[in-house]
Amino acid sequence: MVVVLRPGLPPFALLHYRDFDVVCSELGGVCEHVEKASGIKPLYLFYARPQIGHFYLQDVTFEGPFKALWEAYARGEVPPTFEHWDKKGPCPGLGERCPASPSVFLMPSKKAYTYLRECTSLTKRAREAGVKLWDYTVRKRVRPPVFVFPWELVREVFSVRPIHYQDAANCGLHPLASMLYWAETGGIKSVEALLGRGGGAALRRFTKISTNDGMPTFSKIFVKG
């Protein structure tokens, strides 16, 4: 039997822990389907091991305004960044680099690693904090991990030499701003706006665009507040 779901929010909402019950109520049966297929409560699954969630949606047909994003997510191709932040002041010259937003924790481990290894804002602080992000084989090759409790990990790492998310936004570091906001609040800013929790977001239509590395990209949610 074909399962058809019409989520009213993008898949990044699965990482919005602050209002998770509300998020589930807006996802058109996604949480119920995942729980039935996995036998795991959705909040625990997406809090503890969000990278495995897409496996339970591969048999689903999606409809609605976020159809393309959910189809990409079910294939393990969710984009690594999804928000564009307003600049509200001068850039303080952070010297930071991070192409990874929280959405990388919805990706399969190998894809997540390709973005996280370039996030020197995270990797340098992890070394300083003595936090091991990934293991190595006997041949000293990286073994990309399935992260367990990634929000707690990111929160711990960014407690070392903290950066404010708005400073990152003012420097045009949009993925980093999203990661820092998630670390600080357990929420996704654009999802808060889409739920009417304050601030605002201008939503552009999501369409797949081909890229040189073969990964699809999508237009962004513009964070206004």
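Mentor: Let's start with a cut-off: a disulfide is a pair of cysteine sulfur atoms within 2.5 Å. This is a predicted model, where local features need pLDDT of at least 70 and side-chain atom pairs count only at pLDDT 80 or more, while totals for chains, interfaces and linings use all residues. Residues are numbered from 1 along each chain as its sequence is written, and side-chain values use heavy atoms, with hydrogens and water left out.

Trainee: What makes Cys24 and Cys31 a disulfide?
Mentor: Their sulfurs sit 2.0 Å apart, and the limit is 2.5 Å, so the pair qualifies. The torsion about that S-S bond is -80°, and the link is left-handed. Both Cys24 and Cys31 are buried.

Trainee: How many disulfides does that rule give?
Mentor: The count comes to 3. If you number the bonded cysteines in sequence order, they pair 1-2, 3-6, 4-5.

Trainee: How do you know which hand the link of Cys91 and Cys171 has?
Mentor: The S-S torsion there is about 90°, so this disulfide is right-handed. Cys91 is in the loop between strand 3 (83-85) and helix 5 (109-116), and Cys171 is in the loop between helix 8 and helix 9 (174-185), so the bond ties together parts 80 residues apart in sequence. Their sulfur atoms are 2.0 Å apart. As for the elements themselves, helices (H or I, at least four residues) and strands (E, at least two) are DSSP runs, numbered from the N terminus.

Trainee: Why is Cys91 called partly exposed?
Mentor: Buried means under 20% relative accessible area and exposed means over 50%, with partly exposed in between (1.4 Å probe, protein chains only). Cys91 has 40%, so it falls in the in-between class. Cys171 has 21%, so it counts as partly exposed as well.

Trainee: And what makes Cys98 and Cys119 a disulfide?
Mentor: Their sulfur atoms are 2.1 Å apart, which is within the cut-off, so they count as bonded. This link has -100° about the S-S bond and is left-handed. Cys98 belongs to the loop between strand 3 and helix 5, and Cys119 to the loop between helix 5 and helix 6 (120-129), so parts 21 residues apart in sequence are tied together.

Trainee: Are Cys98 and Cys119 buried or exposed, and how do you know?
Mentor: Cys98 has a relative accessible area of 6%, so it is buried. Cys119 is at 0%, so it is buried too.

Trainee: What does the side chain of Asn170 reach?
Mentor: It reaches the backbone nitrogen of Lys88 at 2.7 Å. A polar contact is a pair of N or O atoms within 3.5 Å; within protein, one must be able to donate a hydrogen and the other to accept it, and residues adjacent in sequence count only if both atoms are side-chain atoms. Asn170 itself is in helix 8 (residues 165-170), and it is at 8% relative accessibility, so it counts as buried.

Trainee: Which residues is Asn170 in contact with?
Mentor: Contact means heavy atoms within 4.5 Å. Leaving aside neighbours within four places in sequence, Asn170 is in contact with Asp86, Lys87, Lys88, Gly89, Pro90 and Cys91.

Trainee: What makes the pair of Glu96 and Arg125 a polar contact?
Mentor: Their side chains meet at 2.9 Å, and the limit is 3.5 Å, so the distance passes. Glu96 lies in the loop between strand 3 and helix 5. Its relative accessible area is 18%, so it is buried. Beyond four places in sequence, Glu96 touches residues including Ser121, Arg161 and Ile163.

Trainee: What makes a set of residues a nonpolar core?
Mentor: The members are buried Ala, Val, Leu, Ile, Met, Phe, Trp, Tyr and Cys residues joined through side-chain atoms within 4.5 Å. The largest one here has 66 residues, and those with the most contacts inside it are Leu57, Trp70, Val104, Leu116, Met179 and Trp182. Helix 9 gives the most to this core, with 7 residues.

Trainee: How many helices and strands does the chain have, and what share of it is buried?
Mentor: It has 10 helices and 7 strands, and buried residues make up 52% of its 225 residues.
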